[in-house]
Amino acid sequence: MITTLWAGLSIGAVYALVAIAYNIVFVGTRVFNFAQAYILMIGTFIAVEAATRFNLPLIVAIVVCAAAGALIGAVEEIVAVRRLARTGSHNELVTTLGIGVILSGIALLVWGSEPRSVPYLKEFGVLEVLGGRITMGELLLIVVALVAGVGAWVLSTRTSIGLTALATSEDRDAAMLRGINVRWLATGAFTLAGALVGAVAPLVATKTYATYHLGEGLAVKAFLVLALGGFGSFLGALLAGSIVGVLEMFAARYLGSEWQNITVFVLLLIVLLVLPHGLFSRGKAQERVV
Amino acid sequence: MRIGLRRYLTAPFWIIPLVGALIVLALPLLGAAPAVLRVIVSICLLALLVVGLNVTFGYSGELALGQSALYAVGAYVAGYLAIQKFDLSVTFFVALMSAAVVGLLTGVPGLRLGSWSMAMVTFFLVLLVPDVVTLLTEQLGGPSGLTGIPLPVLFGAKLTTAGYYSLVVTVTIVFFAAVRNFIVSPHGQALRVMHESPVLARSLGFSVTRLKLTAYLIGAIPAGAAGALFAYQDGYISPTSFGLSMAIVILAGSIIGGSASIYGALVGAAIMVIGPLRATGVQQFSLIIFGLLLLLGALFFSGGIAQLFRTLVRRYLVRDEVLPDAQAAVPSDELISRLRGETLVVEQLVKRFGGNTALDDVSVTFAAGTVTGLIGPNGSGKTTLLNIVSGFYRPTAGSIRLEGDDLGSLQPHQVARRGVARTFQTPVIPKGLTAAESVAIAMQSAHGVSLPAAVLRLPGYRRTIRRHRQEALELLALLDIAHLADVDASALPLGTRRLLEVARALAADAKLILLDEPASGLDQGEVEELANLIRKLRASGATIVLVEHNFEMVMSVADHVYVLDTGRIVSSGDPDQVRNDPRVTEVYLGTAFAEKEQ
């Protein structure tokens, strides 16, 4: 029971982390980055390589994965998003999905279709916390998600760079007129979000293994977390991540594993119908319509 | 050699694809190899999926990735029923309905949160297919697949392989014809309007949610049909046929062929089937290839092959000319004499945006059969007032009544249907519609053609279309722009687009006409003509509100003038009273100037 709760909270932490990354990009650019979870997926494979081929310690692997994630994020923004902004079309969903599919394809080509495990944190074994069992990796995931969520919230509400990003997401043209470098901000948001999901990839890999189709499931569930928590809300993502993860694990335990995704899907439909602005929406900004 | 525009627009070009389709249908009789026929069946199935996606994605702008899941629904429903010995007519119909129901269940929530939520909900739906099939292992065969689906039996007669081939091609022809009829009808034009500007669609009386849901359902049904046909192809289906890679293939086919096109779906499907899908040697590269197709297609080739084809034909094969009915169109007084103005009363209206009060205790009356001028400096709240009257903003307090009917709680499309028509400060003229079409579309929501009539081309369809075109031409003639009836309206110069918006506002049989800065961008002569038209409309009984910066023009046509400043009415009266009111001089030219004048 408590073990299931821990399992739910830790997988929920993964969803929340991806949702936080979605939010960073959303606040900075108003774009939904379909490929975000796929960047994490690539990170898990790099973590596997770092551990098994190069015997790097965990902390170095984290740095390497963060750098790789940042690089992919930056390249993605320049290749798949910036060009579109110039042509005035809104096909970001298609181009970022394209990037995600390419990343899956690369993973399949380089690392094959077998799931790979990563040996990090194995030495701690399974811990006993509050009467439930949890691995060190899972525990760290929960802590990291909390730190990242609160950190992003502080960053976006208390620092000038965060406020700049918020202002830009409200009104891009007005921000430009105020001398904000909107383009730099967009690349920065993609890079930061890429670095975040890259950095947590070694921890995620201890829980989910590295597989080339890891991105798909993470992408949709993190979207649910985003919708439930409210677009742009970092704290909402933390709470919603916990709800979704726990619900999923309890459904899997008591109804059977085939019900895991179906239950979450039903929750998504209900959220969209009943709570379309999520638990913590900042209220829809009044937009000048005409 | 070039053909004239009239021929290009009116010749029955649909005969070309129909003849092509009949040739394809006859291929077995011409001795085509079974392998060729098999490829054609695959192309037809994929084309059905892609054309459905084109309606939702290309025309209505919602990226629906769930075609592959609806394909699965159609296939499993038809397969299961076929094993229970049901006739093809039953299995096919139930499969279509099931796809529509699943589409509806996911479409309604998916449309709630803008474009990402549709993409993610439908993407999720695709991921669920293996889970659902596993849960229903007893009925659907589980992960290892559903076997033993018999050859189709249609009305009691067993179909041979050749019969199955004809069935697939015939179904494809029928669905393409239906989707084509839908898209070229005013319903399809409404989708294009909405894709370009949801605001305009609503102000023309269309419910955006309803339009999107209709498009999504019309896209879902061909997917169900494709699934039902697919179930019979090999007598065996498994969840692997309906995975994410299928969803990606469908999207790639749509983008290559051109998402906003009908026949492009066929071309895109053919390219995908003959190209990447058959090259089994590159299996491990397939994801990378599909991903690149999406990325590069969306970046550099957003109109697809269809757009390329249309541009080339229009540029090299068609000669521009004015169509005879446009040449013959005369301004019709009968049309404007139909206008029956009503009185709008706004009382104690307040509108706050956060802490910013845009309108503060505004009470105005736009009397039936008069022209009311609304003037004031930039930011004084004129457009905010128009936006509240037309339903785009909710008032913070106060009431808005049109002949006693409360408008304050209505949605914009309901306000439009109640009889409020408007133009926009920056003209909103959707791409891809001619001038005549963009006027005629304003007649669709109130008394247009029904969906079945449009898809099936029932007898009333042509009559209504012809009448709407005739009325649109007469309205254009009223504004002296009938000769531009058949050119792409979005490419017209600013002044002409403004006049076009006025014509569109008149087309809706409006009880109240809101003109938001109609004279800016017009030259002196055009302003004169516009003023004359406004006087003529008033003479026939229309109620007109004129928001304008052109002081002289307002003074020359308005019966009554309100002056707004920082959200308050500072002066009102007939043009002479307002002209001589010192407060007005003060608002426009500053206090010092007003004092000096005195």
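Among contacts in chain B between residues at least 6 apart in sequence, what percentage join residues at least 24 apart? In this predicted model, the share of such contacts in chain B that join residues at least 24 apart in sequence is 75%.

**Chain B overall**
- Chain B has 598 residues, of which 51% count as buried, and its secondary structure comes to 29 helices and 14 strands.
- Taken along the principal axes, the box filled by the C-alpha atoms of chain B is roughly 95 × 55 × 45 Å.

**Helix α2 of chain B**
- Helix α2(B) covers residues 15-26, and its twelve residues should span 16 Å at 1.5 Å a residue, which agrees with the 16 Å that separates its end C-alpha atoms.
- The number of buried residues among the twelve of α2(B) is zero, so this helix lies largely in the open.

**Helices α10 and α11 of chain A**
- Helix α10(A), residues 234-255, packs against helix α11(A), residues 258-274, at an angle of about 140°, and the two axes are 8 Å apart.
- Because angles over 145 degrees would count as roughly antiparallel, that angle leaves α10(A) oblique to α11(A), and the crossing of these helices is right-handed.
- On the α10(A) side the contact is made by Val244(A), Leu247(A), Glu248(A), Ala251(A), Ala252(A) and Leu255(A), while α11(A) contributes Trp259(A), Gln260(A), Thr263(A), Val264(A) and Leu267(A).

Definitions and conventions
Residues numbered from 1 in each chain as written. Chains lettered and ligands numbered in written order. Predicted model: local features only at pLDDT ≥ 70, side-chain atom pairs only at ≥ 80, totals over all residues. Axes fitted to C-alpha atoms, helices over the stretch in contact; angles between N-to-C directions. Helix = DSSP H or I, 4+ residues; strand = E, 2+ residues; numbered from the N terminus. Parallel < 35°, antiparallel > 145°, perpendicular 65-115°, else oblique. Left-handed = near helix turned anticlockwise from the far one by under 90°. Contact = placed C-beta atoms within 7 Å. Buried ≥ 20, exposed ≤ 12 C-beta atoms within 10 Å, placed from the backbone. Expected span 1.5 Å × (residues − 1).
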